[in-house]
Protein chains: 2
Amino acid sequence: MPNWLKKRALLTPNRQAIIYKGETITFTQLYQAAYEMAGKLTSKGVKNKQFTAVLLQNHLDSAVILLALQLLGVRAVILNNRLTADELIWQIRDSNSVFLLSEERFLEKLSNISDSLPDLPIFKKEELAETPIEGPLIIDEIELDDICTIMYTSGTTGYPKGVIQTYGNHWWSATGSALNLGLHENDCWLCTVPLFHISGYSILMKSIIYGMKIVLHERFDVNETLNDIRKEQVTIMSVVSTTLTMILDYLQEERLPKSFRCMLLGGGPASLPLLERCVKKDIPVFQTYGMTETSSQIVTLSPEDSFRKLGSAGKPLFPSQLKIMQDGREAMANEPGEIVVKGPNVTPGYLNREKDNRKDFQDGWLHTGDIGYVDEDDFLFVLDRRSDLIISGGENIYPAEIEGVLTSHSAIKDAGVIGRQDDKWGEIPVAFLVKKAPVSETDIMDFCKEKLAKYKIPKKIYFIDEIPRNASKKILRRELRKLINE
Amino acid sequence: MPNWLKKRALLTPNRQAIIYKGETITFTQLYQAAYEMAGKLTSKGVKNKQFTAVLLQNHLDSAVILLALQLLGVRAVILNNRLTADELIWQIRDSNSVFLLSEERFLEKLSNISDSLPDLPIFKKEELAETPIEGPLIIDEIELDDICTIMYTSGTTGYPKGVIQTYGNHWWSATGSALNLGLHENDCWLCTVPLFHISGYSILMKSIIYGMKIVLHERFDVNETLNDIRKEQVTIMSVVSTTLTMILDYLQEERLPKSFRCMLLGGGPASLPLLERCVKKDIPVFQTYGMTETSSQIVTLSPEDSFRKLGSAGKPLFPSQLKIMQDGREAMANEPGEIVVKGPNVTPGYLNREKDNRKDFQDGWLHTGDIGYVDEDDFLFVLDRRSDLIISGGENIYPAEIEGVLTSHSAIKDAGVIGRQDDKWGEIPVAFLVKKAPVSETDIMDFCKEKLAKYKIPKKIYFIDEIPRNASKKILRRELRKLINE
């Protein structure tokens, strides 16, 4: 295939590509900027097929750097900028990255990294502005099997693993999504999720492959989000439950513009009350299921099923497949088991992890470790991550379900549920709550008794100021566990 | 990848798939019908990877048969039903087809085929209706490199060559087109072109891959076309200059509905006056360039350029590439030369034609033999299809093939065939003959009727003393053209 960005600039040179803080850049300008950046990186010695770490925040320049690396065929090890220096050093070492591209903003972390890795050349984008342009030797054709990016998964236990994402993975993810969501001339995707996560990076890839405008924000801000949805006529946005809730709260009696056609909801199962609020406000929510290993969505609810199958993540995208495995056999309809996926958007494996790859991939099928079931109409319902599963007296308890109930209480802003060791039951669920109005533990218990089977009701409630979440807004349950043990 | 039709039926079971003569079939029903047909074919002994010839007219049943062959992984040698028995026999032999699937309508041709190929099992769709269902063993996964279809085109040598089209070729053609034309939930493609041509077959593939409704007609009829565009809210239609002209004439002062968004115009360069008439009537024409070897369009004008670059075929689709070669080097902007293309939608080669493949494909680039130039903005302008190619009502006619038939007549010493301008068909073939024994125009016409499909028969015959040839004995067709114009 031809080089993507170069091809896109050739096809639709004057279409808007990225809007960032009021600045608009066309595909030609984006290509020129990435081309110049590729020339600067070349003069710094960055070369095709090298692993190069990238530590950036969401910014137009960051998009340019990520695309420049693609022009050169450099493999980008994209680091999560919320990690500590120690965590970053671990990933840079693990991936054998030979350069680190970053920016002034992370000076303190960079200084710590430099102390531990004195031989690692670190280039800050601010100094690259002054670097002369050399060459560059950009790749004319892309091999779909080549490694494009490495992203480390948060990993609930043990050390993170680098997920290999090939150009083909990104390509099939983008086209598989278009075959489901459709592709309109006026489409514009709002990106408030980090570019260092697959949720954000995949939006950048869609921009190039579709020839679609994106609006890039440094971070999620509900006021800016609503402003830009209206001003830039955004048609699609990627959200998680937390951000969607904030949008709903902010909207109050208002509605989104008619041109807005898709709220792509990922990052774990959503609660039914939240989805019902969206239905009431005519917000077109498309629940989706995906992960770094599937280069973003792999299962998404189709437009025509979004109301009928509320709470489902939908069906696997056209190029992909799904099955539920239970005790080594394929589960029946409605029987929960491990979610196992396959498709050209699925990673070929983890970087330098032969053993994990053998365990997690069997005949091309990735064993996700997540729990779900497929109903009689082939719709996937994701129950929870296996590691989060609470087993109490032989009964399975899925925290997301309890959290959904808790956050539907008018006085509760946010909730996190984990299992606590218990002599009698093995584990019992306990809840961490953030209030938005005065409420007592007894009130909550009474509320739960109405909504939940007895064994699911949290046995203890802790009121805290904030639920710890990672950059993609997933609850950090291990942080909650620490709170109990303190 | 998962089996396409099965996957589509799983994803959007109740969406409308095909409308044929007022009858509507959903994707589930289409899958069930194709599944049953696959069972019938299985009980007749048709098996995975076999080459099986197909001689059908546009009909819902034909679509079902073509899809049943895909379910089984059978390679369909799709025959042009306008060909004579002799022409069909040649293609069946050349492809080593082990079965022929057809219908009562072609009884006379089938009888002739049977006389020449007594060992070839021929199954008519009418008798398949009574055949018991066995198995069938349908393929769960599609390998993109596997052969899906074979379609014959003629070369300069006169004998047709079987173009191999893989599943990947069809896939990339469909997705490449969607990335350019967009993909709307309400899209509906009108197919009045033959399913045995890539123009029609590719619409069927798009229906399955996109989950899109198509309206299938037996043949082009301007009245039915306009009726269905309105009644079924058709949004896209594939046309050639001849059919587009008929639509324009029929419309008179009327306009197409606003929902109609794309008139995809292929089958040779269109005249500027025709395109200007479309502009006046607000008909959104997308000029396109493609061939059997590129599994339909490879170059198409984007929406935003359709007026600014009137007459251009546009730019190569996202996954594809194009260059113009002149004297062994790449031509400059605006310099005409041979059109050379590359991409995952381009055939891997001709069936059993090692020599032709070496000549026509160099480093993955297909030398089309067509002449064109690329302007300073990278837009392709097709000047002429292969210097000798005659395009008549969207059908390709290769003079060498007709000349071969004519010179096989005992009274003909030499023959030359060229295209003559025609208001209705674009071009029609006319023949120049040198006699070696007395023979009348009627004798020749009768002789041709046995050997050549109707559209290939010369519409006028000129007897002359000598066919002008150059030193290497190649016919000087421009000299023949002068003779008509004198």
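Start by selecting A:Ser241, A:Leu244, A:Thr245, A:Leu248 and A:Asp249 in α10(A): they meet A:Leu274, A:Arg277 and A:Cys278 in α11(A), contact meaning heavy atoms within 4.5 Å. By class, this contact has four nonpolar, two polar and two charged residues (Ala, Val, Leu, Ile, Met, Phe, Trp, Tyr, Cys and Pro count as nonpolar, Asp, Glu, Lys and Arg as charged, and the others, Gly among them, as polar).

A word on what you have open: this is a predicted model, where local features need pLDDT of at least 70 and side-chain atom pairs count only at pLDDT 80 or more, while totals for chains, interfaces and linings use all residues. Residues are numbered from 1 along each chain as its sequence is written, chains are lettered from A and ligands numbered from 1 in the order in which they are written, and side-chain values use heavy atoms, with hydrogens and water left out.

Now show both helices whole, α10 (residues 241-251) and α11 (residues 272-280) of chain A: they pack at about 40 degrees, with axes 11 Å apart. Helices (H or I, at least four residues) and strands (E, at least two) are DSSP runs, numbered from the N terminus; axes are lines fitted to C-alpha atoms, for helices over the stretch in contact, and angles run from 0 to 180 degrees between N-to-C directions. α10(A) and α11(A) are therefore oblique to each other (under 35 degrees is roughly parallel, over 145 roughly antiparallel, 65 to 115 roughly perpendicular, the rest oblique).

Next, select residues 401-474 of chain A, which an unreviewed UniProt entry labels "domain: AMP-binding enzyme C-terminal"; such annotations may be inferred rather than shown by experiment. The span is 24% helix and 34% strand, and its end C-alpha atoms lie 15 Å apart.

Stay in chain A for an open, mixed sheet of three strands, ordered β24-β25-β26; two strands pair if DSSP finds at least two bridges between them. β24 (412-422) and β26 (460-463) of chain A each have a single partner strand, so one side of each lacks a neighbour in the sheet. β24(A) and β25 (residues 426-435) of chain A pair antiparallel over ten bridges; pick A:Arg420 and you'll find A:Ile428 of β25(A) opposite.

Last stop, chain B: select strands β9 (residues 188-191) and β10 (residues 213-216), a parallel pair with four bridges. Here B:Leu190 sits opposite B:Val215 in β10(B).
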